[in-house]
Amino acid sequence: MVASSGLAAMVRYGAGKNPVLRLALHTLWGQKCYWCNAPKDYNDTQIDHIIPRSQCATDRAALLHACRLPADFDVDDPRNLAPICAPCNGSAGKGAADLSDTPMLLRKLRQADALRPKVIQMVTEFGNSRRTAESLLRAIETDLNDPRARAAFTAHAPGVVQKLAMLDESLADYHTSRIVEFALGLSEPLEVELLLNARGRTTLTIVEDVYGRPVIEVLGEGLPTLIELAQARAQAEFNDESAEGGPMYAGPPTTHFVEIQIDAVDFDRQGPILDVSFAGTFTGSYSLSVVQDSMDGIGLDELQGDVELTGRFTLRATWDGPTNDGAPDIVDCDEATWDVEGYLTR
Ligand SMILES: [Zn+2]
């Protein structure tokens, strides 16, 4: 009997399980390259070490220190692994990136750390159900450029999908992904990724067919409110009347980075009233100038604040029956739940 910590220790890069580990990472990271965020086929991904394995010892030590990680951090553990596409893994991709942008690396490491238990579970359970799991892995590894493999896939894959639906209909649903750009007065247009399952696609169709309104425009009307909520939250992090060392006030935040992914689009229809909701995740990175009054009232310290913000939100649009221009009667953003990390530099 292997203790669960022993099993966990076996799930590492290079432990002879790389195809299975790669499948787990590819699935759990949403079938996307973690670096460019583009949806990728399993066959087009590799395993990347977020903190590079190849770096010289001095560079790696500096990077670990900057990321507040211990010197003996295990780079081959799933908490440092993510699926990457070949272009991003090359010298023009991550190779050319500035890895001293620690907030960005920390975000990826946090994501890997959160997924780690599921990665371990998936790899471990693969070993417990070897025969079926191996056949399925072989199917996933199929090179669809080979005409014989293509013919076999066309003949037999529908049976697999049907079997999956027997287990749970929603499992046989598939997601499509669209990137939509919004000009919101930021330094560059905001790219929003829209992940749609069958329900989401139906929602878009209803809004567009019945209300004659591109749903994308409706979404765009709610985004400025979300962005303002996030900026206010970043600022609130350093507005602290009772801060140790004197009251602290933050100026308006400068936005470095905003990423929005909508992962659920849904509707609810009651008579003529239609409610549409867009739920998703928000990631933002800000810096602010912070001033602090000294306790004795003499002097003022200027500090720099950095904020990393992640959260979930819901945007809602409500129509009270079809209107002439198709515009919703109400567009609202529910208070998001934020996870905030703030750093002060003197
Ligand atoms: Zn990529």
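Reply: Let's start at Gly280, which, setting aside neighbours within four places in sequence, is in contact with Gln261, Ile262, Asp263, Gly311, Arg312 and Phe313 (contact means heavy atoms within 4.5 Å). Keep in mind that this is a predicted model, where local features need pLDDT of at least 70 and side-chain atom pairs count only at pLDDT 80 or more, while totals for chains, interfaces and linings use all residues. Residues are numbered from 1 along each chain as its sequence is written, and side-chain values use heavy atoms, with hydrogens and water left out.

Gly280 sits in strand β7 (strands, E, are DSSP runs of at least two residues and helices, H or I, of at least four, numbered from the N terminus). Its relative accessibility is 0%, so Gly280 counts as buried (buried is under 20% relative accessible area, exposed is over 50%, and partly exposed is in between, with a 1.4 Å probe and protein chains only). Leu186 is 94 residues away from Gly280 in sequence, and their C-alpha atoms are 20 Å apart.

Strand β7 also holds Phe282, which pairs with Trp338 of strand β9. For aromatic pairs, the ring centres of Phe, Tyr or Trp (its six-membered ring) must lie within 6.5 Å; planes under 30 degrees apart are stacked, over 60 edge-to-face, and the rest tilted. By that rule there are three aromatic pairs. In the Phe282 and Trp338 pair the centres are 5.3 Å apart and the planes are at 80 degrees, so the pair is edge-to-face. The pair links distant parts of the chain, 56 residues apart, with β9 running over residues 330-345. Phe282 has 1% relative accessibility, so it is buried; Trp338 is buried as well, at 16%.

Helix α8 covers residues 198-210, 13 residues in total, and reaches 18 Å from its first C-alpha to its last, close to the 18 Å expected at 1.5 Å a residue (the expected span is 1.5 Å times one less than the number of residues). Its buried residues are Gly200, Thr203, Leu204, Ile206 and Val207. Seen down the axis of α8, they fall within an arc of 160 degrees, so they line one face of the helix; the arc is that of the directions from the helix axis to the C-beta atoms. After α8 comes Gly212, with a positive phi near 60 degrees.

Elsewhere, there's a zinc ion coordinated by the SG atoms of Cys33, Cys36, Cys85 and Cys88 at 2.3 Å. Donors are N, O and S atoms within 2.8 Å of the metal (3.2 Å for Na, K and Ca), and with water not among the atoms, sites may look incomplete. The donor angles here run from 103 to 120 degrees, which makes the arrangement tetrahedral. Four donors count as tetrahedral if all angles lie between 85 and 135 degrees; four are square planar and six octahedral if opposite donors are over 155 degrees apart and all others between 65 and 115, and anything else is irregular. The donor spacing is C-x2-C-x48-C-x2-C. Cys36, in the loop between α2 and β1, and Cys85, in strand β2, are 49 residues apart. Cys36 is partly exposed at 38%, whereas Cys85 is buried at 2%.
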